[in-house]
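This report covers a helix pair, a cavity and a pocket. The model is a predicted one.

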Amino acid sequence: MASKVYPLQMEIAGNTAIWTRPDTGDSPCSYPAPTYSAVKALFESVLWGPDVLVEPVKAEICSPIRYHSYATNYGGPLRKDKSVKDGSNYQLYATVLTDVCYRLYAQVRPNPRKEKMPQTALEWDRRTTSPGHAYQEIFNRRLTRGQSFASLSLGWREFTPSYFGPFREGTKVCSEIPDIVIPSMLREVFPAGYRSDWRAVYDTNLVIHQGVLIYPERGRRCDQ
């Protein structure tokens, strides 16, 4: 029997964002809207727990889509061995989005895969008659208070939000945006959920229609 799902929603805005297209290599370019896994991560940054599944439903674009060239000094592990040894950085160029605002929607359900849960999560799961409903209630309280489990970011860690919280009255969907077809969009890289192996999954032929991107349903992630 299918478990009951509970809706979640939040608004997030910021000066800069990047939802990296993996096919753009060492000069990354952003998708025009957040990926499924990025939306999932934003909800889980407010409240995370391995005993529930957070499943993004759609993203509403609430500001015009504007691209901008961006450069930063990269000092991460993908440098050449000599650069790492010498402590040298290099300039990384990217194409990012500016002045973004989104209204995000998801749903939450109990995680049926108990075998990989930590003991603390199993104990909480046994004490809770409805983990999905409990998550929804706690999430909404934390969102209203501006609390988070982890720092929220709009793609890269340095792209912090200027606002995250409940929907604001003045925020409107940019329904005048022309339709945008996305032939292939990275969905997620851990499709089996908590503590699973890496495997890239893509959605194809997505369309941003009247400022709204709907993420395709794929059933429960544990069945993929």
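## Packing of α1 and α4

Helix α1, residues 36–46, packs with helix α4, residues 131–145, at an angle of about 80°, and their axes lie 9 Å apart. Since angles of 65 to 115 degrees count as roughly perpendicular, α1 is therefore roughly perpendicular to α4.

On the α1 side, the contact is made by F43, E44 and V46. Helix α4 contributes Y135, F139, R142 and L143. By class, the contact holds five nonpolar and two charged residues, with no polar residue.

## Largest pocket

Helix α1 also takes part in the largest pocket, giving seven residues, the largest share of its lining. This pocket holds about 1100 Å³ of space. Its lining has 38 residues, and those nearest the centre are S37, A38, K40, A41 and V189.

Besides α1, the elements that give two or more residues to the lining are strands β2 (52–61) and β6 (180–188). The lining divides into 19 nonpolar, 11 polar and eight charged residues.

## Cavities

The model has two cavities of 30 Å³ or more. The second largest cavity contains about 40 Å³ of space.

Lining the second largest cavity are P32, I61, S63, P64, I65, R66, L97, T98, V100 and Y102. Strand β4, residues 90–110, supplies four residues, the largest share of this lining. Seven of the lining residues are nonpolar, two are polar and one is charged.

How values were computed:
Residues are numbered from 1 along each chain as its sequence is written. This is a predicted model: local features need pLDDT of at least 70, side-chain atom pairs count only at pLDDT 80 or more; totals for chains, interfaces and linings use all residues. Side-chain values use heavy atoms; hydrogens and water are left out. Axes are lines fitted to C-alpha atoms, for helices over the stretch in contact, and angles run from 0 to 180 degrees between N-to-C directions. Angles under 35 degrees count as roughly parallel, over 145 as roughly antiparallel, 65 to 115 as roughly perpendicular and the rest as oblique. Contact means heavy atoms within 4.5 Å. Ala, Val, Leu, Ile, Met, Phe, Trp, Tyr, Cys and Pro count as nonpolar, Asp, Glu, Lys and Arg as charged, and the others, Gly among them, as polar. On a 1 Å grid over the protein atoms alone, a cavity is a set of points where a 1.4 Å probe fits but cannot get out, and a pocket is an open set with protein on both sides within 12 Å along at least five of seven lines; lining residues have an atom within 4 Å of a point. Grid points are joined across faces, edges and corners, and a volume is the space filled by probe spheres set on the points.
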